[in-house]
Structure formats: C-alpha cells, structure tokens
Amino acid sequence: MKRRDFITLLGGVAAAWPLAARAQQPAKLPTIGFLGAATASVAGQWFAAFVQRLHELGWMEGRNIAIEVRWAEGRSERYAEIAAEFVRLNVDVIVTVGTPASLAAKQATSVVPIVFVAASDPVGTGLVASLARPGGNVTGLSNQ
C-alpha cells in the first residue's frame, strides 16, 4: 500500500470515528420505577433481593437497566405523588409493594405496566379483574 493511500485511509477512518462512536451510544435504558412502602433502612433487604434476582437474570443496573427507587416512608399520601413522578419520568414498568401503593399507581396510569408485590385481596380492592385474568396494566403477587 502506498503511503498516500494509507494516509487517505487513515484520514477517512478518523473522520468517520465520531459518527461510529455516536451510533454506538445506547438508547435510553429500560427503567423500573420501584415504589417501596417503608424506608430503605426498614425494607432495603427486600429491594436488595429484587436487584440481586434481576442480576441473576442478566439485568444489571446502569448497564442494561435503570432503576428509579422511591420510598413512601410509611406516609400513604406519598404513594400518589411518587406514582405520578414515575409517569412523568416515563418509566417502563412500576413495581409496587402493598395494596395502597398499587392502587395509587393504578390511579396514576392505565398505560405503564404495574407489578405489585404482597397486595392483599387484589380482586376485592379493584386492582385486577380476577386472579386468573388480571386484565388492564396491573398484575402481581397476592398474599392471600
């Protein structure tokens, strides 16, 4: 290869490098909104187990998933506020703990999927239509 051809090739690669680097920038990471009922010091072990299981399934925070964590700190009035914030943040799924948090999330959105954990009587409270076929954007685990 002649020196002039080599310099031209090198210049073309250098000019294209920013375009290639920009093309490889990841899009917005899929985001989980986690709405905890208590505080991190009280229920942090539950959240840690959740993150650990995600990791075991190949989902690593900051690499291929983002997690927005909010704690209601035992104040039920915070549920609606946090659920609305998740909708504004455009999270891809909301994970809630307990019935009140789940109901607040359901009130905030009919589009974003909601997965509840440890809700009591999800049919009776109106979270889901039935246990077999929850319908809508809400599903989860009941402690019945």
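I took contact to mean heavy atoms within 4.5 Å. With that I looked up Ile 94. Leaving aside neighbours within four places in sequence, Ile 94 is in contact with Gly 33, Phe 86, Ala 105, Thr 109, Val 112, Pro 113, Ile 114 and Val 115.

I noted what I was working with. The model is predicted: local features need pLDDT of at least 70, side-chain atom pairs count only at pLDDT 80 or more, and totals for chains, interfaces and linings use all residues. Residues are numbered from 1 along each chain as its sequence is written, and side-chain values use heavy atoms, with hydrogens and water left out.

**Layout.** I read elements as DSSP runs numbered from the N terminus: helices are H or I with at least four residues, strands are E with at least two. The protein chain has four helices and five strands. Along the sequence, their pattern is α-β-α-β-α-β-α-β-β. Among contacts with a separation of 6 or more, 51% join residues 24 or more positions apart.

**Burial.** I called a residue buried under 20% relative accessible area, exposed over 50% and partly exposed in between (1.4 Å probe, protein chains only). Of the 144 residues, 28% count as buried. In α4 I found Thr 99, Ala 101, Ser 102, Ala 104 and Ala 105 buried. They pack against β1, α3, β3 and β4.

**Cores.** A nonpolar core is a set of buried Ala, Val, Leu, Ile, Met, Phe, Trp, Tyr and Cys residues joined through side-chain atoms within 4.5 Å. The largest has 18 residues. Those with the most contacts inside it are Leu 35, Tyr 79, Phe 86, Ile 94, Phe 116, Leu 127 and Val 138. α3 (78-89), α4 (99-108) and β4 each supply at least two of its residues. α3 gives the largest share, four residues. Another core, of ten residues, lies apart from it and includes Phe 34, Leu 54, Ile 65 and Val 93.

**Pocket.** I searched a 1 Å grid over the protein atoms alone for a pocket: an open set of points where a 1.4 Å probe fits, with protein on both sides within 12 Å along at least five of seven lines; lining residues have an atom within 4 Å of a point. Points join across faces, edges and corners, and volume is the space filled by probe spheres set on them. The largest pocket holds about 220 Å³. β1 (31-36), α2 (40-56), β3 (93-97) and β4 (114-119) each give two or more lining residues. α2 gives the most, three. Its lining includes Trp 46, Phe 50 and Trp 71.
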